[in-house]
Amino acid sequence: MTDAPNYGFDTLQIHAGARPDPATGARQVPIYQTTAYVFRDADHAAALFNLQEVGYIYSRLTNPTVSALQERVATLEGGAGAVCCSSGHAAQIMALFPLMGPGLNVVVSTRLYGGSITQFSQTIKRFGWSAKFVDFDDVDAVAAAIDDDTRAVFCESIANPGGYITDLDAIAKVADAAGLPLIVDNTSATPYLCRPIEHGATLVVHSMTKYLTGNGTVTGGCVVDSGNFDWSASGKFPSLSDSEPAYHGLKFHETFGPLAFTFHGIAIGLRDLGMTLNPQAAHYTLMGIETLSLRMERHVQNAEKVASWLETHDAVAGVTYAGLASSPYHDRVARICPKGAGGLFTIKLKAGYEGCVKFVDNLEIFSHVANLGDTRSLVIHSASTTHRQLTEEQQVAAGAGPDVVRISIGIEDADDLIADLDQALSTASA
Ligand SMILES: Cc1ncc(COP(=O)(O)O)c(C=O)c1O
């Protein structure tokens, strides 16, 4: 399928980016397990290296299986193009890389996946970049944090671990007024529940490790470019607007227009950072995406049922699911995530840190793992695992305090999940 903007989501999740293999007619996207591609002749090679012709040179940059996935994710997000890479964390670096430089900063939400908080608060400093953490519910504080050295604004649509929903329209307005791109991590929502570009996002990043692949088999990431941002307007993004010395003086925005960021991501990002997705992983993710809408519907149905039950349980002090009428984020669901608030939330146990540890140890259907977005139901006690590098203050700000357990609801029978939670909660509070 090439251009099919009018097809529905269920059709596009199966067909976008895929066409019968030109050599064999294979209906499923083949795994092109090859490192290099034979040039027709020296002129063809030169045209490919000059980006005058689009094609395949070397699989660190491009690969037909990965290209099919890029096209599929870009289509589902309503973007102009996408670059896949080796993990969600790689996608975040790939998204920031063309925008940032030593001394520059990104304004980020305090409600992020714990690994992202560490990546932004610690690791990016080694590049000379920095992050300013702000409560994104305080839109004025986001605006106030932006300064002359800010080059992007970053948040999650549905935040991991709390399942809180960011008011993307309000944040996009702030970013837009400052002439900055808004980057939205749409991992927990997926494009089935939320389409950040429709709310003003410039770039959308994914950990495809989660719901997009959907069954815990792949580590992968993706950056989707809306194609809507004017990289040349402010002079703040010279790698995209000016002659890029790393690509013999090419001006990406002038040459590729709405595909500037995508071409830059491949020609410089993947070429020089090398965070490439392998074709086998791309194949698994393509398979996963074929059933994305069906799975997300069931994740949402189950999460609504389980969260409502948990909310009334004596051992539970609180449930953060935005799909509950009691959630302060409930009003945002219809506007930001019209098909539901996802399958991810946290519960606070009255029995505190020790109770949380007992609870996760006694679950039978739920697995205690550092992952989410699987067909299987998963839990994690963030404070003793993913968020243990953070201070208690950072843990609480991220919604992952010591008495909190993150729950990723799978697509099993909801009644079985409730029975499992019930027996583990009884043990934890005994
Ligand atoms: C919301 C979110 N973004 C990014 C990441 C990082 O993704 P990956 O583990 O694929 O690098 C994660 C991982 O848990 C995540 O939950």
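Biologist: Let's start with T213. Where does T213 lie?

Modeller: Helices (H or I, at least four residues) and strands (E, at least two) are DSSP runs, numbered from the N terminus. Here, T213 lies in the loop between β6 (203-207) and β7 (221-225). A word on the source: this is a predicted model, where local features need pLDDT of at least 70 and side-chain atom pairs count only at pLDDT 80 or more, while totals for chains, interfaces and linings use all residues. Residues are numbered from 1 along each chain as its sequence is written, and side-chain values use heavy atoms, leaving out hydrogens and water.

Biologist: Is T213 buried or exposed?

Modeller: Buried means under 20% relative accessible area, exposed over 50%, and partly exposed in between (1.4 Å probe, protein chains only). T213 has a relative accessible area of 1%, so T213 is buried.

Biologist: And which side chain does the side chain of T213 contact?

Modeller: A polar contact is a pair of N or O atoms within 3.5 Å; within protein, one must be able to donate a hydrogen and the other to accept it, and residues adjacent in sequence count only if both atoms are side-chain atoms. The T213 side chain makes one with the side chain of T285, at 2.8 Å.

Biologist: Now the ligand. What lies 2.8 Å from an oxygen atom of the ligand?

Modeller: A polar side-chain atom of N160 does, and a backbone N or O atom of G88 is also 2.8 Å from a ligand oxygen. A polar backbone atom of H89 is 2.9 Å from an oxygen atom of the ligand.

Biologist: Which helix gives the largest share of the shell around the ligand?

Modeller: Helix α4 (residues 88-96), with three residues.
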